[in-house]
Amino acid sequence: MKLYIIPQLHIPGCTNLSPAGIIESVKLLTNTNNSNHRLQSLRINGIHSIKKDDLETLENLMMINRTKKERNKIFYHENDAAIDRNSIDVEVCPKCEQMGIVFDCPRGCEYGCRGCEMCTRRCAECGICIRGDHDGELEEASCAYALCLKCWLTIPKCCFCSRAYCDEHACRQLHRVSDSSAGFVCGGCRSRNPFENPYMYF
Ligand SMILES: [Zn+2]
Ligand SMILES: [Zn+2]
Ligand SMILES: [Zn+2]
Ligand SMILES: [Zn+2]
Ligand SMILES: [Zn+2]
């Protein structure tokens, strides 16, 4: 019989799982007496029923001593792999005290912007906090994300509304004028003015 070793449990957004059920599973996957499982990675972001106490139980089971030093930084613009640098993806947001993925500021921010996505707006391109002062001026992307002014200046913008797409959604740019051009028509403007020629405004 083949023994399977389960090193990870990734169940983000499974909102109908109960904290008790997750704790039971983690107990099973960390019990060294009757199994070979060594759970090393747990992803539970979006399961809002998990409370602070539950998280502490999970940390104890996984033998995580979560001091600030032990926690690896996660930046907003990084991909999913960044989240895996920590054994458990979520922590208690220092601002709203809700459970979530807490992002750090890549510019080593003195503003205390460390917080979840809801508490601190961040640039989708470089991950810095956007505060509306002049080095972190807010520019809206055509998608739901925000961009800092510096990143906004360097990426292509819609000919109509001057909004930019973040890198992740650059493929949604419609009617790019040419590969090297700074202009395109964003999805929103395209659907508002389906028959108009964007260049008539120039
Ligand atoms: Zn928060
Ligand atoms: Zn910051
Ligand atoms: Zn930026
Ligand atoms: Zn537009
Ligand atoms: Zn985007």
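Me: What covers the buried residues of H2?
Reply: In this predicted model, the cover over the buried residues of H2 includes helix H1 (19-30), together with strand E2 (41-43), strand E3 (91-92) and strand E4 (99-100).

Me: And which residues of H2 are buried?
Reply: Within helix H2, which spans residues 52-61, the buried residues are Asp54, Leu55, Leu58 and Glu59. Viewed down the axis of H2, these fall within an arc of 140°, so they line one face of the helix.

Me: Which exposed residues sit on the face turned away from that side?
Reply: On the face of H2 turned away from its buried side, the exposed residues are Asp53 and Asn60. Just after H2 comes Met63, which takes a positive phi of about 55°.

Me: Switching to the metals, what coordinates the zinc ion (ligand 1)?
Reply: The zinc ion (ligand 1) is held by the SG atoms of Cys93, Cys96, Cys116 and Cys119, at 2.3 to 2.4 Å, and in sequence these donor residues are spaced C-x2-C-x19-C-x2-C.

Me: Why is that arrangement called tetrahedral?
Reply: Because the 4 donor atoms around the zinc ion (ligand 1) subtend angles of 103 to 116°, and four donors count as tetrahedral if all angles lie between 85 and 135 degrees.

Me: Is Cys93 buried or exposed?
Reply: Cys93 is buried, with a relative accessible area of 1%, whereas Cys96, at 29%, counts as partly exposed.

Me: What about the zinc ion (ligand 3)?
Reply: The zinc ion (ligand 3) is coordinated at 2.3 Å by the SG atoms of Cys123, Cys126, Cys148 and Cys151, whose spacing in sequence is C-x2-C-x21-C-x2-C. Its 4 donor atoms subtend angles of 105 to 116°, which makes this arrangement tetrahedral, and Cys123 is buried at 0% relative accessibility.

Conventions. Residues are numbered from 1 along each chain as its sequence is written. Chains are lettered from A and ligands numbered from 1 in the order in which they are written. This is a predicted model: local features need pLDDT of at least 70, side-chain atom pairs count only at pLDDT 80 or more; totals for chains, interfaces and linings use all residues. Side-chain values use heavy atoms; hydrogens and water are left out. Donors are N, O and S atoms within 2.8 Å of the metal (3.2 Å for Na, K and Ca); water is not among the atoms, so sites may look incomplete. Four donors count as tetrahedral if all angles lie between 85 and 135 degrees; four count as square planar and six as octahedral if opposite donors are over 155 degrees apart and all others between 65 and 115; anything else is irregular. Buried means under 20% relative accessible area, exposed over 50%, partly exposed in between (1.4 Å probe, protein chains only). Helices (H or I, at least four residues) and strands (E, at least two) are DSSP runs, numbered from the N terminus. The arc is that of the directions from the helix axis to the C-beta atoms. Contact means heavy atoms within 4.5 Å.
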